[in-house]
Amino acid sequence: MVFADRVLCMNFQLIQSAQKGCRARRRRAEGLMKEAPVDQKTAAAAPPLRFMVVLVAVGWISFLYYQFSVLAGYGRAPLVAGGRSDSADPCRGRYIYVHDLPPRFNADILRDCRKTKDHWPDMCGFVSNAGLGHPLADPIDKVFTGQNGWYGTHQFALDTIFHNRMKQYACLTNQSSVADAVFVPFYAGFDFVRYHWGYDNVTKDAASVDLTQWLMRRPEWRRAGGRDHFLVAGRTGWDFRRSTNINPNWGTDLLVMPGGREMSVLVVESSLVHEREYSVPYPTYFHPRSDAEVRGWQDRVRGLERRWLMAFVGAPRPDNPKNIREKIIKQCTAAPGACAQLGCAFGSSQCHSPYKIMRLFQTATFCLQPPGDSYTRRSVFDSMVAGCIPVFFHRVSAYLQYKWYLPEDHTRYSVFITEEDVRTGNVSIEGVLRQILPETVERMREEVIRLIPTMLYADPRSKLETVRDAFDIAVDGIIGKVTAARRNAAGAVQPIDTTLGSSSWQGLDSRRGK
């Protein structure tokens, strides 16, 4: 910018000099005309010739500026809110360009949130308040309230929460050529829900086809063939890979079709067998607005008295004989002094009460987290936010997911008991947990409490100062991945092999939901 200002100043000064020279020569010529006759053609031709020379010089200076400043500086960060375009730019390597999608890909989907024909549940309450849902009003001790950052957030509301957080991201740029990643704010998860039940596959895929065609026509796409693009689809990865799924009628084909398979995607559960799928935490009920709220909550859960050894929140899965939830419920029921649970039978509202769920988790040392409709659960993150140590029964539930968020050494923050041992009755869950030394339990709980900020999505309408939440970690992770993908592509876009399907995961529940 300093060099550009100097060039403009030089151009202006040259033009001013030329104008002053012309005026001076005109005055001298007028004086000489009084003393002696002058060749009129020569006098008239001299000023324009000199002026043309100056213009040529200006043109060459402008050309050199373009060559050595603009072209040599291609990829230099532009001015953005919260950033600078100098060598000390804090956004270097972190710039994101956001596609300005037509509203039919996001806002219009939310606008049609009312329940219609029993296919599209009434989601209006859940998408209010920037996607956080209705603020809670704790009827007991006023802890879980909207004033304290607690909302009735839907487990699949991440599309709009992430988009609203992105609007506050400090390193946005309006120049796609210098962006390190390109964000596509398509509400794929909400699109899944509105056409999932009672519609044919053509209708289910209509918005996805429309989106990918729109993207592939854009100049931003051509730079890396879409490999620097990413979107958030706040459901499981399988929900967007119908043609490679166990159930050929489940979900959309967004991540299989051309234009979709080239992009990276953030999902709450990765299929693990496909490229460019990265798992991020489910939204919890807590959305802090300041660092102080995060630290205050950590201090609170650190000091809580935990009267139960273990707790479970969830419903049995009688239609899936491989699911161990019923076994866990029986063990919990048989240990009334050690295990507390919320019954979530069909039609029960207990498992939909944030107050009851969080209060139970706050009073337990260990929280049991078996697979449900899919391997992962939102309950994992709710329990960890409450300072409860998770107990897993399948490696895909956490250890093979969330690698940006959870320690590689899973014994630091969790307990693992195999599904097979529970299914065959070879293990007592209570017995395993009671064998863990108290000092080990304290270390594990402290690690869980340390991880709490990374499990949270801060309120999009505010800004954390030093605390890094789940959004921050996801952005850093995805920028690293798309940068590597663009570098590896080296200008040649190769089709991705989509022949890998769910045949590798025959035990996966075909419902793919929560």
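This is a predicted model: local features need pLDDT of at least 70, side-chain atom pairs count only at pLDDT 80 or more; totals for chains, interfaces and linings use all residues.
Local features were considered at pLDDT of at least 70, and side-chain atom pairs at pLDDT 80 or more, whereas totals for chains, interfaces and linings use all residues. Residues are numbered from 1 along each chain as its sequence is written, and side-chain values use heavy atoms, with hydrogens and water left out.

A search of the whole structure identified 4 disulfides (a disulfide being a pair of cysteine sulfur atoms within 2.5 Å). One of them links Cys91 and Cys171, whose sulfur atoms lie 2.1 Å apart. The link of Cys91 and Cys171 is left-handed, with -75° about the S-S bond. Cys91 is located in the loop between helix H2 (40-71) and strand E1 (96-98), and Cys171 in the loop between helix H5 (158-166) and strand E2 (181-183), so the pair ties together parts that are 80 residues apart in sequence. Helices (H or I, at least four residues) and strands (E, at least two) are DSSP runs, numbered from the N terminus. Both Cys91 and Cys171 are buried, where buried means under 20% relative accessible area, exposed over 50% and partly exposed in between (1.4 Å probe, protein chains only).

A disulfide also joins Cys113 to Cys124, with an S to S distance of 1.8 Å. The link of Cys113 and Cys124 is right-handed, with 95° about the S-S bond. Cys113 lies in the loop between helix H3 (107-111) and helix H4 (124-127), while Cys124 belongs to helix H4, so this pair ties together parts that are 11 residues apart in sequence. Cys113 and Cys124 are both buried. In a further disulfide, the sulfur atoms of Cys332 and Cys339 are 1.8 Å apart. The disulfide of Cys332 and Cys339 is left-handed, because the torsion about its S-S bond is about -95°. Cys332 is buried, as is Cys339.

Helix H12 (residues 378-385) is largely enclosed by the rest of the structure, because 8 of its 8 residues are buried. These buried residues are Arg378, Ser379, Val380, Phe381, Asp382, Ser383, Met384 and Val385. They pack against helix H9 (291-302), H11, strand E8 (364-369), strand E9 (389-392) and helix H15 (438-455); contact here means heavy atoms within 4.5 Å. Just after H12, Gly387 adopts a positive phi of about 80°.

Ser353 occupies the loop between strand E7 (339-343) and helix H11 (354-362). Ser353 counts as buried because its relative accessibility is 13%. Although Ser353 and Gly152 are 201 residues apart in sequence, their C-alpha atoms are 8.5 Å apart in space.

The axes of helix H6 (residues 188-196) and helix H7 (residues 201-216) come within 9 Å and cross at roughly 155°. Axes are lines fitted to C-alpha atoms, for helices over the stretch in contact, and angles run from 0 to 180 degrees between N-to-C directions. The crossing angle makes H6 roughly antiparallel to H7 (angles under 35 degrees count as roughly parallel, over 145 as roughly antiparallel, 65 to 115 as roughly perpendicular and the rest as oblique). The contact involves Asp191, Arg194, Tyr195 and His196 of H6, together with Thr203, Lys204, Ala207 and Ser208 of H7.
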